[in-house]
Amino acid sequence: MEADGTALRGVDYSRIFTQAIDRLHVEGRYRVFIDILRNKGAFPNARCFAGHNGPKPITVWCSNDYLAMGQHPAVIAAMEEALHDVGAGSGGTRNIGGNTHYHVDLEGELADLHGKQGALLFTSGYVSNEATLATLAKILPGCIIFSDELNHASMIAGIRNSGCEKHVFRHNDVAHLEELLASVDPTVPKLIAFESVYSMDGDIAPIAEICDLADKYSALTYLDEVHAVGMYGERGGGVSERDGVAHRLTIIEGTLGKAFGVMGGYITADQTIVDVIRSYAPGFIFTTSLSPVLVAGALASVRHLKASSVERDGQQAAAKMLKAMMAEAGLPVMNSTTHIVPLMVGDPVKAKKISDILLAEYGVYVQPINYPTVPRGTERLRFTPGPAHDEAMMRELTGALVEIWSRLELRKAA
């Protein structure tokens, strides 16, 4: 009771939660999950359940299954075989019942892919980044991490959870990185964390130059290749393979859920570092291992893309064609040197409106990308054309975008 005899009022939890969601609606940042099913073997064709008249056919333009390997016959057959051989789940953590021969085989293939001694599987790319970065910095006494300002949220979370000192360098700015490296005690452990392909802008890190600085200042390197594995290099080892610098990197991290078309994350490094993460990272130790069915599919995908460049070549050709079409049409396509095709909008409400019109009127599915994924004022649509997106689809898409830009009186490219 309060002094005046009135009862203390409880906390209105519902109001707090409702206000948090309302803020997202006001800012145009509320995320809507589109209810779709992909058509097996016919990607990028899918069906959407957004209305009340049953499924509507759509074309998917924003999938991270860049090479449609999630639909590849060899991947599906491997998963079906594993399902009928060992069942659905792994049955436990890697230490207690969940370490199958599929996991061992896949880690061997991934280590070989990146030219490293060992590899370690995680349940997602997010977990592999968060768990590895947090654990590494805790193991290294007094470690300082140098992080690119556009690093993924999972890398930022890992660095934050490590509790170590950090310095953020301007995006892809090796001069700024060197300034920061030179400013700290040369005797303390240092780790440089960065990505190869930055998925929202579609640009590439100067990997060799960063490795030069790592050598000069005695730093370890951690490269996130999630948007590049399977996509670049003679065997799909990523930009580091393409550029011949994989051997210079301490740790290469990747995903099985994008170009490889299935699910999971991993790191590759020398065997001692892999053993340290395996032995100390809570995000690895205390979670059920990936289903062997998923691992079998990823294993088939990795092996296929090591031997086949058809999918990579087709994807690069598709991205080049779509960029050219959009630029010719006067659309504000961003300057990307990779397979990512970002179209700048600069306003969250307008980006959502364009996305809604494309889906409702044109059967085109592309999600708006808003803060915090990208900085405020740089909201965009992010297209990921793949080898199965043909020229007719691209012309239809470009025509739809031109019509919507005119209808909404949006600014064209400069």
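**Charged pairs and a helix**

Guide: Glu 391 counts as partly exposed, at a relative accessibility of 39%. This is a predicted model, and Glu 391 forms a salt bridge with Arg 395 in it.

Visitor: How many residues apart do Arg 395 and Glu 391 lie in helix 14?

Guide: The closest N and O atoms of Arg 395 and Glu 391 are 2.9 Å apart. Both residues belong to helix 14 (residues 391-407), where about one turn of the helix separates them, and that spacing is four residues.

Visitor: Is Glu 107 buried or exposed?

Guide: Glu 107 in helix 3 (residues 101-114) is paired with Arg 94, which lies in the loop between helix 2 (73-86) and helix 3, and the closest N and O atoms of this salt bridge are 2.9 Å apart. Arg 94 has a relative accessibility of 15% and counts as buried. Because buried means under 20% relative accessible area, the 11% of Glu 107 places this residue in the class buried.

Visitor: Which residue follows helix 1?

Guide: Helix 1 (residues 13-27) has 15 residues and reaches 22 Å from its first C-alpha to its last, close to the 21 Å expected. The residue that follows helix 1 has a positive phi, near 75°, and is Gly 28.

Key: Residues are numbered from 1 along each chain as its sequence is written. This is a predicted model: local features need pLDDT of at least 70, side-chain atom pairs count only at pLDDT 80 or more; totals for chains, interfaces and linings use all residues. Side-chain values use heavy atoms; hydrogens and water are left out. Helices (H or I, at least four residues) and strands (E, at least two) are DSSP runs, numbered from the N terminus. The expected span of a helix is 1.5 Å times one less than its number of residues. A salt bridge is a side-chain nitrogen of Lys or Arg within 4 Å of a carboxyl oxygen of Asp or Glu. Buried means under 20% relative accessible area, exposed over 50%, partly exposed in between (1.4 Å probe, protein chains only).
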